[in-house]
Amino acid sequence: MEKTLQLAMENKDYIVEMRRHFHCHPEASEHEVNTSKRIYEELEKMGLEPKMVCSSGTGVMCDIKGKGPGKTIALRADMDALSVQELNDVPYKSTVDGMMHACGHDAHTATLLGAAKILNACRDDFNGTVRLLFQPAEETAYGAKAMIEAGCLDGVDATMGTHVNPSIKAGTFSVEAGPRLAAATWFKYRFIGKPGHGAQPHQGVDAGLAACAAALDLQHIVSREFPADKPLVITIGKIEAGTRFNVIAAEAVLEGTVRCYDPEIFRAVPASMERVVKGVADAYRCELVVEKHDALTMPCYNPEAPTLRGQATVKKLFGEEGLAHVAPTMGGEDYSFMMDKVADSLYISVGTGNAEKGCCEPNHSGRFNVDEDALPGASAVYAQYAMDYLNE
């Protein structure tokens, strides 16, 4: 057994304890005060020197130096929770009403703490520096950019991040080249019309009707303006209009998200959407206000070199059977900004699915849970990948 995996198994109780602590005490994006404080304290107990970073004050950075000089690799874990009511009946159920770790960030934080223990015990086995990044606010796409702005990637030569995935068998890892997650935007358009009586609609200007027409017309962009072999999704998630059943809506709001893998398409879509929505507004005699069209994430794209390195790490620890294969998804992840900043970066999906234990519900579900037996392996992959990179 590799030394890293042996150390991970020796620290299994600690990793599970940490995961359950964070799961019991979830905190919202940019408000991870107690979470970051506990992380800081745990790293100090290991004899390390963590730093609080980010404008929110809830990011944690900590360097572990090897036996000699060398390169620097950053390992990233996010730590914010979601506004989701927990439906699981478990001893470590969330103690905060309406808030839970429904996306597995508690597991990410715990496994990176486990990796810190492993790396701290293996300082004589690598040269260079491993930088641990405990990132706030992934769910609001604030955290990664804030960590970058705080200088957390200064002098960093490579990065690696993970995410638990209940659709992958527990104990296996998806390490595949090419697109893994999509670029994502958040858009919001406001249509301004004129109120009127529902019995005399010609006396008003119906903003609600304009918004409905725009929601339909935006889909033509997907089918007629961009290549069919390059996935693109435009989702209208929210339409708000009107104050009463018999009053013409004077204002309407259209809100949604764009997802795609191709950076060129990602950059081109907003202008196409605005052209269509402006045309609809004009046709329905409404004024259009573009309130938002923000990039939430970049595409998560694994280059060939780190992918091969990551596959070799997994096979070293678990053999060929440790590798899982899953298709890319249209989910978004703000770790993509770190990947965009540092070319030698890798995103690994950690299998935590186990139907027998009820750990197969999707991320963001109130019944989401992870097979905790998979967590020590995730810590080992964090640590081993870092050392493999530094010892190349």
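A crossing of two helices is called right-handed when the near helix is turned clockwise from the far one by less than a right angle, and left-handed when it is turned anticlockwise. The structure is a predicted model, in which local features require pLDDT of at least 70 and side-chain atom pairs pLDDT 80 or more, while totals for chains, interfaces and linings use all residues. Residues are numbered from 1 along each chain as its sequence is written, and side-chain values rest on heavy atoms, with hydrogens and water left out.

Helices (DSSP runs of H or I with at least four residues) and strands (runs of E with at least two) are numbered from the N terminus. Helix α1 (residues 3-10) packs on helix α11 (residues 375-390) at about 145 degrees, the axes being 8 Å apart, where axes are lines fitted to C-alpha atoms over the stretch in contact and angles run from 0 to 180 degrees between N-to-C directions. The crossing of α1 and α11 is right-handed. From α1, T4, L5, A8 and M9 take part, and they meet P376, A380, A383, Q384 and M387 of α11, contact meaning heavy atoms within 4.5 Å. By class, this contact of α1 with α11 holds 7 nonpolar, 2 polar and no charged residues.

Helices α2 and α4 also pack at an angle of about 145 degrees with axes 8 Å apart, and their crossing is right-handed. On the α2 side the contact involves Y14, I15, M18, R19, F22 and H23, and on the α4 side D106, A107, T109, A110, T111, L113, G114 and K117. The contact of α2 with α4 divides into 7 nonpolar, 4 polar and 3 charged residues.

| Helix | Residues | Distance between end C-alpha atoms | Expected span |
|---|---|---|---|
| α2 | 13 residues | 18 Å | 18 Å |

In α3, T35, S36, R38, I39, E42 and L43 are buried, that is, under 20% relative accessible area with a 1.4 Å probe, whereas exposed means over 50%. Seen down the helix axis, the buried residues of α3 fall within an arc of 160 degrees, so they line one face. On the other side of α3, N34 and K45 are exposed. The cover over the buried residues of α3 includes α2 (12-24), β1 (51-53), β2 (59-65), α4 (105-121) and β4 (129-135). After α3 comes G47, with a positive phi near 85 degrees.

In α2, Y14, I15, V16, M18, R19, F22, H23 and C24 are buried, and these residues pack against α1, α3, α4 and α11.

Terms used
Nonpolar A, V, L, I, M, F, W, Y, C, P; charged D, E, K, R; others polar. Arc of directions from axis to C-beta. Expected span 1.5 Å × (residues − 1).
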